[in-house]
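Please read it with the coordinates open.

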Amino acid sequence: MPIPLQKLFTYKITEAEADFIEIGTRVAVPFGKSKIYTAIVFEKHQEEPTAYEAKDIYQILDEFPLVTQSQLQQWEWIASYYMCSLGDVLRASLPKAFLLESETLVLKRVDFDQEETLNDEEYMIWEALEQEARLKIHDISKILDKKGVLSVINGLLAKDAIEVKEEIFEQYKPKYVKYVDLTSRYQLEEELHQLLDGLGRAPKQREIMLNFFQLKQGTKEPVLLKELKEKSQASSGVIKSLVDKGIFEIIEVREDRVSFQTESRPIHELNDWQSDALGKIREVFKEKEVCLLHGVTSSGKTEIYTHLIADALKKGKQVLYLLPEIALTTHIISRLQLFFGESISVFHSRYSVDERVEVWNNLLNNSEKAQIVLGARSSVLLPFSNLGLIIVDEEHESSFKQFEPAPRYHARDTAILLGKIHGANVVLGSATPSIETFYNAQQGKYGYVRLDRRYGDVLLPEIELVDIKEKHRKKRMKGHFSDRLLALMEEALSEKEQIILFQNRRGYSPVVECSTCGVAPQCPNCDVSLTYHKFNNELKCHYCGYQQGLPRTCPACENPTLDTKGFGTEQIELELQELFPDSNIARMDLDTTRGKYSYQKLLRSFHERDIDILVGTQMLTKGLDFKNVTLVGVLNADNLLNFPDFRAHERTYQLMVQVSGRAGRDQKRGKVAIQSFNPYHQILQQVTTHDYKGMYEDQMNERHQFSYPPLVRLIRITLKHKDLIKVDAAANWMGKSLSNSFGDQILGPTSPSIGRIRNKYLKTILIKLPANKSLNAPKQLISTIKDSFMAISEFRSVQVIIDVDCY
């Protein structure tokens, strides 16, 4: 069931139902006193539960299984490995439209006749029930114009004026497209001439008929109703009158909401280096299921993927293409669409619930429309029936890891498990592989193929480090731009080339501070400063969403001396508009890409060269390919390096190399300028020389020294509560219990760098476990300690979150 309970529940079914129900079908079942949930049939058995009496199921919802056997196997692994419930995995996997939770309906009792006993609010509900046979809870909220209506409903129940019942509603609605065609009577030419002559007195109807014949010319297919209305400028009423006369008939055809229609072209020929890499990958797959493709930026990894996809399609297999960012799906779809036409489906959170349901159903039925699935991390949970190839593009990206809510799975690792279940090959592609993936390749666990030539033999970009500490001292900074970066920008713009600028903070300024007393406005719900957004002139919290207008005076000393500290993408955009007034400047961050098609519009404008300078956060770094970009500027590399995380240096290297790779992807060698207060930092030096091996060896030495992954496994336990004293006591109890079992493998409890989020205080405990031993026994021990913890009444309200592989 889609509730976070650790066990399965048994329900009674009849013999006839037992013959009909299959594993993987949905059933509506009662749970608790009155609620009805959608459950998935996990197994059928004859063992009666001893702890409770099995209830009857409420309704069978599917004729055929909605979830495959291999999916259930995958769900079990996720629940076990990531220490969550099967209900958590079910809720994350199924589109919301499939989870039909019941809705409370209020009905009037016919035998009630004591209306004088009702108060004003109760009488309003009673009157409404005179008009409507049943009301939903939110309808009652609208009638009374208030949210809390439970007391009113309870009052009516106590007086026996109403009754309530639970009912489930189907949420998915198929899309039907209306077409128009002549009825069979008017298919004959003679009848048609008589009809047109007879419509002489109805000029509008005659005009519709003539437009209909124009649209239908040369085809036997019916005409799209929408097209006919647009062409003839006619209302629905006029067309309806032709239907009523028996001239037209309306045909409704069910269609998918998203489809990609194009004529497919032959796949591009590979160059020698790509052909060699493709051959090596095919050789690896004869011995190993997983292969790491380590190809420098712009080496043409996507072209190799297309050949591997074609191999899988020839064998009649499905393909899963995982991408780290929704923004990338648009870019990759347009490339793959050229070769594979209508075989592509897309699945991610920006699609509507109905669109996701259609992809699910197409996959389940092994439809031609879903032979290739492109998607973000959630697409690894789809019901593949015949999977042959999985591609994890930019496998190093942290966005493949789910942090909230459970299941806290990593899509890359889950994809490898999915490949094992289906016997499918897995390609992990990256220019900067994660250290744990490269370590697995070095240990021989994965195959390894290196591609170190850029497509077209274009040289890797020339990377220059700009010392902004020195530039500030010599007064050669203009706002947040050094004279060197400005000179490179002016040169690129004069050549009609495009520029990408990277700053990993959105908003105008991360801190607003009073220059008199030093106080900075804080979020009332979280232990963070509010970020200033100049466009709306407001302060926002990027953790809980709290916002307020920018005060004119300091809230502490009431002096009008509030000043901004630091800078984000919004401030850079405004500075650029002053520095380059004749250039078109755009910003790409979470604030400008909230809409469903906002990514596509922005990237299309940049691709068509309507934008000269694009400023953005790390979503700019992920695999985008623009031929006219010759300059990339990183405005402040130090924020990334000084982050309190054992992966900070690895992530900085990956981010810098990836953003640098956006430059010079066509004929001309690109340039990259990285501004830093510490240009001699080892990581930045390794970025300038593209020395991945050096970075890997340095990081592995550090991780040997301090015991961090991939040499150990990490499990983080986070405790949350609104009472600081209670969460402190709970964390100390949990820490001592874990220390008694694990000894010095426990770190903490400690407060994280941000100790309160959404009015809940946080404490964390880190468990380090040997990487070469099974995690089953330690996990069992952690679960036992957690159960003992939850049995203590004073700690029962403390939320406990377990995150396996928390990085």
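The points below go from overall dimensions to the sheet and then the cores.

1. **Basis.** This is a predicted model: local features need pLDDT of at least 70, side-chain atom pairs count only at pLDDT 80 or more, and totals for chains, interfaces and linings use all residues. Residues are numbered from 1 along each chain as its sequence is written, and side-chain values use heavy atoms, with hydrogens and water left out.

2. **Dimensions.** The radius of gyration, taken over C-alpha atoms, is 31 Å. A compact globule of 807 residues would have one near 28 Å, so the two agree; the globule rule is 2.2 Å times the number of residues to the power 0.38. The C-alpha atoms fill a box of roughly 85 × 75 × 70 Å along the principal axes.

3. Accessible surface comes to about 39,200 Å² (Shrake-Rupley, 1.4 Å probe). Carbon and sulfur atoms hold 47% of that surface.

4. **Secondary structure.** The protein has 26 helices and 36 strands. These are DSSP runs, numbered from the N terminus: helices are H or I with at least four residues, strands E with at least two.

5. **The sheet.** Seven strands form an open, parallel sheet in the order E14-E15-E13-E16-E17-E12-E18. Strands pair if DSSP finds at least two bridges between them. E14 (344-347) and E18 (447-451) stand at the edges with a single partner strand each, so one side of each has no neighbour in the sheet. Neighbouring strands are turned by 20 degrees against each other on average, direction ignored. Axes here are lines fitted to C-alpha atoms.

6. Five bridges join E12 (residues 290-295) to E18. One partner pair is Cys-291 with Gly-447 in E18. Helix H15 (residues 411-422) lies across E12, E13, E16 and E17, running at about 165 degrees to E16. For helices, the axis is fitted over the stretch in contact (heavy atoms within 4.5 Å), and angles run from 0 to 180 degrees between N-to-C directions.

7. **Cores.** A nonpolar core is a set of buried Ala, Val, Leu, Ile, Met, Phe, Trp, Tyr and Cys residues joined through side-chain atoms within 4.5 Å. The largest has 107 residues, and Leu-94, Leu-320 and Ile-674 are among those with the most contacts inside it. Helix H25 (residues 724-742) gives this core its largest share, six residues. Apart from it lies another core, of 32 residues, including Cys-291 and Ile-391.

Definitions and conventions:
Buried means under 20% relative accessible area, exposed over 50%, partly exposed in between (1.4 Å probe, protein chains only).
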